[in-house]
Amino acid sequence: MRRRLKGLAALAALLILAGCGSAGAQTTTAKSAEPENEAAEFGENLAALLNSGKSKKLFDLWTGSDDLTFEPLVDAVMPDAKAKGIKWEYKSGDFSSQEGSVTLKWTTAKRHSSKEYKVKKVDGEWRLETEPLTWVDVCLPFSVDGTDAPVIEKLDQGQGPCFSDGGEEGSVSEAGQILLVPPGEHSFSLDSLKNVIEQPYKTMVYPTYDATIDFSKKPGIENEKTNLIPNKPALAAGYADAVKAAFLVAKNDVIGDEDNQHPDLFDGITVTPTDDIMNPSVSGTYQHWTKDGYQPRDISGLNWEMSVGQEGIIVTVHDIEATGI
């Protein structure tokens with residue numbers, strides 16, 4: 001039943017793109033239209049769908065929506081909402097009899113560029129091969145514009161939506177939270193960041209297939225991924241406690257303690273926030289294991305690093321002083 005309903009939705013989207021049933025639509029059929037006119041009409045209607053934030057129709061227009069592998073993702077598609085902070089315009093297109101592409105220009109307040117969408121004809125209708133929505137696979141509880149991300153079951157053929165370390169087998173697909181989000185400005189809230197930054201926070205979802213959350217880098221596009229962080233993150237009241245908590249469960253890389261039997265202890269440290277989320281001021285003493293038991297050390301002499309991302313704050317300790325075990 002779901003497949004049939006989904007097919008009807010896809011048909012409705014394609015009728016819109018063909019110009020059927022709307023005022024001012026061209027009466028020329030897709031079969032008789034010239035290729036350049038088909039490309040322009042398809043591209044202009046695709047731009048209209050993106051500007052209107054028609055997530056459901058965009059998903060159904062994607063050829064992958066017909067694949068049983070991706071069928072569970074229909075529940076992860078964001079509700080329709082007019083795109084904010086981004087404008088789309090048709091730029092160019094090139095269609096042959098069965099395949100082609102359209103290029104759309106997009107503009108935000110801080111940048112502009114263009115994106116090419118591959119298309120092909122399926123059962124006589126033009127469909128997108130390039131996915132129009134961004135996969136935001138946080139794989140932990142989160143929401144976008146107040147919509148909670150559902151837990152999507154493991155997809156077949158290693159397609160995610162989440163991945164874990166499978167050792168020698170490499171990354172292994174597993175279930176997890178994901179939303180398919182249209183380009184534009186959106187509000188994000190992550191449970192893992194609730195004591196780290198003030199939420200919800202606004203950020204731009206640029207037209208990329210994939211996304212990441214990495215506060216060590218700037219928001220924008222890097223390596224064909226959108227970095228979903230705010231321009232100026234405001235630290236939450238619990239930031240210092242969150243950093244200290246990350247130290248208490250830090251990943252320890254202590255020389256001579258490969259089995260992690262005597263990790264460094266950080267109950268005695270003090271964390272003071274700065275204007276840089278990645279560089280808090282950490283002072284005080286920590287406890288380091290020696291042959292005489294735990295001994296205090298000044299943390300200023302300890303090599304450690306911190307990351308802030310979709311999993312929250314993670315601290316890794318690199319203690320080069322041997323334990324004496």
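A disulfide is counted where two cysteine sulfur atoms lie within 2.5 Å. A search of the whole structure finds 1 disulfide. Cys 139 and Cys 162 form it, with 1.9 Å between their sulfur atoms. The torsion about their S-S bond is about -105 degrees, so the disulfide is left-handed. The pair links distant parts of the chain, 23 residues apart: Cys 139 sits in the loop between β5 (134-136) and β6 (142-144), and Cys 162 in strand β9 (residues 162-165).

The model is predicted: local features need pLDDT of at least 70, side-chain atom pairs count only at pLDDT 80 or more, and totals for chains, interfaces and linings use all residues. Residues are numbered from 1 along each chain as its sequence is written, and side-chain values use heavy atoms, with hydrogens and water left out.

**Exposure of the cysteines**

Is each cysteine of the pair buried or exposed, or what lies in between? Buried means under 20% relative accessible area, exposed means over 50%, and partly exposed is in between (1.4 Å probe, protein chains only). Cys 139 has 25% relative accessibility, so Cys 139 counts as partly exposed. Cys 162 has 1%, so Cys 162 counts as buried.

**The sheet**

Strands here are DSSP runs (E, at least two residues; helices are H or I, at least four), numbered from the N terminus. Two strands pair if DSSP finds at least two bridges between them. An open sheet of 4 strands runs in the order β1-β2-β3-β4, with antiparallel pairing. Its edge strands are β1 (87-95) and β4 (125-128), each pairing on one side only. From one strand to the next, the twist averages 30 degrees. Axes for such angles are lines fitted to C-alpha atoms (for helices, over the stretch in contact), and angles run from 0 to 180 degrees between N-to-C directions. Strand β2 (residues 99-107) pairs with strand β3 (residues 112-122) in the antiparallel sense over 9 bridges. Leu 104 stands opposite Lys 115 in β3.

**The cavity**

Lys 115 turns up again here, in the lining of the largest cavity. A cavity is a set of points on a 1 Å grid over the protein atoms alone where a 1.4 Å probe fits but cannot get out; lining residues have an atom within 4 Å of a point. Grid points are joined across faces, edges and corners, and the volume is the space filled by probe spheres set on the points. The structure holds 1 cavity of 30 Å³ or more. The largest has a volume of about 30 Å³. Other lining residues include Tyr 117, Glu 131, Pro 183 and Tyr 209. The lining divides into 6 nonpolar, 2 polar and 2 charged residues. Ala, Val, Leu, Ile, Met, Phe, Trp, Tyr, Cys and Pro count as nonpolar, Asp, Glu, Lys and Arg as charged, and the others, Gly among them, as polar.

**Backbone details**

| Cis bond | Omega |
|---|---|
| Gly 160 to Pro 161 | about 10 degrees |
| Gln 199 to Pro 200 | near 0 degrees |

Pro 161 lies in the loop between β8 (151-152) and β9. Pro 200 lies in the loop between β13 (184-190) and β14 (201-205).

Cys 139 has a positive phi, near 65 degrees, in a residue other than glycine. Glu 224 is not a glycine either, yet its phi is positive, about 60 degrees. Glu 224 is in the loop between β16 (220-222) and β17 (225-227). Its relative accessible area is 66%, so Glu 224 is exposed.

Terms used: On a 1 Å grid over the protein atoms alone, a cavity is a set of points where a 1.4 Å probe fits but cannot get out, and a pocket is an open set with protein on both sides within 12 Å along at least five of seven lines; lining residues have an atom within 4 Å of a point.
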